[in-house]
Amino acid sequence: MTFYKLLMAKEFAIGIYLFCFKVLFSIFKLFPLHDKTTFVTSFGDNCQYIADEMDKQDISVQKVFLMKPSSHIHVEDDGETIVLPFESKNIIAMIRSIYHLATSKWIIIDNYFGFLSAISFKKQVICVQVWHAAGAIKQFGAKDPSIQTRSAGARKRFLEVYRKFDYITAGSERMAEIFQESFQLPSSHILRTGIPRTDFFFNDESKKAARSSLLAKYPELEHKKVILYAPTFRNDDLNNGEIALDLDLLFKELKDENYALLLKLHPAVKTEYDLQHKFPGFVYPVKSEFHVNQLLISTDLLITDYSSIPFEFSFLERPMIFFAYDLEKYVKERGFWEDYSSSMPGPVVSTTEELLGKIRVADHSLMKISSFNQKWNQYSIGNSSRNLVNFLFK
């Protein structure tokens, strides 16, 4: 089957799904609205902080969580709080999900969800997009270069989704500008509350607990210089399972200098061998068992590329190195908001040899990290969850 036919088949399937969603939503929309907040989440962090703040303030509103498998939220379905799998093969759960979406006064989402293009909420309903990244390197939404390869119907659907966002939470003026371009919305739709999950970096107890959880499994890390390698997921990684870093070289050069390398790879990436066994006392593969905050708080040096992790790691004002071995290809395919090499708060390298040289340099442009933090986390100052909850419910 040709690429075009595959694309058309996909669009047809999406159309059928959205039609069924619209029909059910229209029926449930006849029911009255309730004092209920429905969270639709594929990431979870921001929704978790909002829900916790609602509990802290004793907001008497029922909470419903519609969760994708990738969502990490610690919440129990106890009758008062409802937890349902979303967009799953569980037909009953999907029907219940649509009912809650049609009868809730507040809808909080943390990603792009296509169902929004097929429905229309009642006027009293507030839909808030709490985007999953604190800042942006890659272009997304209406500015994503790949959108040009999609059909006219798909592009129209994307815009219909964006129009359902009554508000979008932003952590800075720079991100507010990016949201306006990406989602084709005016400034009045931006809530300058800060990013809820960044409250973590202002809570000493949370930071201490996060560090303790990692050390409980790897106590030897307490006295090591911890490097975290957290690259952006690439589709090619699924097939080859290769890591761009030359681990053999890093192990040879750093094993006797008290370094430890945490590997935070996408859960879907399968490596062919036991890296921890091959590089004892040096390499520690960490996937879904640890939240990224548990890793960041114990990290002395971050190595990444195009991910959004630097925006949050900058709160800690610790050094970063950007291992952008495929920069030319990646910027052409994805598109960046700013010149990559000059805007990143640390050296940009393309080989493991270059990387080794930068690891051993004491000065990693900490002044640049501070200004980077101020630029992207302008409004995220420890009270972002409270700001949003106060806006929505008080």
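In what order do the strands of the open sheet stand, and is their pairing parallel or antiparallel?

1. Basis of the note. The structure is a predicted model, in which local features need pLDDT of at least 70 and side-chain atom pairs count only at pLDDT 80 or more, whereas totals for chains, interfaces and linings use all residues. Residues are numbered from 1 along each chain as its sequence is written, and side-chain values use heavy atoms, with hydrogens and water left out.

2. The open sheet. Seven strands make up an open sheet with parallel pairing, in the order E3-E2-E1-E4-E5-E6-E7. Strands (E, at least two residues) and helices (H or I, at least four) are DSSP runs, numbered from the N terminus; two strands pair if DSSP finds at least two bridges between them. Strand E3 (82-85) and strand E7 (190-191) are at the edges with a single partner strand each, so one side of each has no neighbour in the sheet.

3. Strand E5 (residues 126-129) and strand E6 (residues 167-169) run parallel and are joined by two bridges. Val128 has Tyr167 as its bridge partner in E6.

4. Helix H14. In helix H14 (residues 352-359), the buried residues (under 20% relative accessible area; exposed is over 50%, partly exposed in between; 1.4 Å probe, protein chains only) are Thr352, Leu355, Leu356 and Ile359. Viewed down the axis of H14, they fall within an arc of 100 degrees, and therefore line one face of the helix; the arc is that of the directions from the helix axis to the C-beta atoms. Elements against which these residues pack include helix H8 (247-254) and strand E8 (225-230), contact meaning heavy atoms within 4.5 Å.

5. The whole structure holds 17 salt bridges, each a side-chain nitrogen of Lys or Arg within 4 Å of a carboxyl oxygen of Asp or Glu. One of them joins Arg150 and Glu11, with the closest N and O atoms 3.3 Å apart. The two are 139 residues apart: Arg150 lies in the loop between E5 and helix H4 (152-163), and Glu11 in helix H1 (residues 3-28). Arg150 is partly exposed at 21% relative accessible area, whereas Glu11 is buried at 16%.

6. A salt-bridge network. Arg174 and Glu177 form a salt bridge (3.1 Å, N to O). Both belong to helix H5 (residues 173-183), where three residues, or about one helical turn, separate them. Arg174, Glu177, Glu338 and Lys375 are linked in a network of salt bridges.
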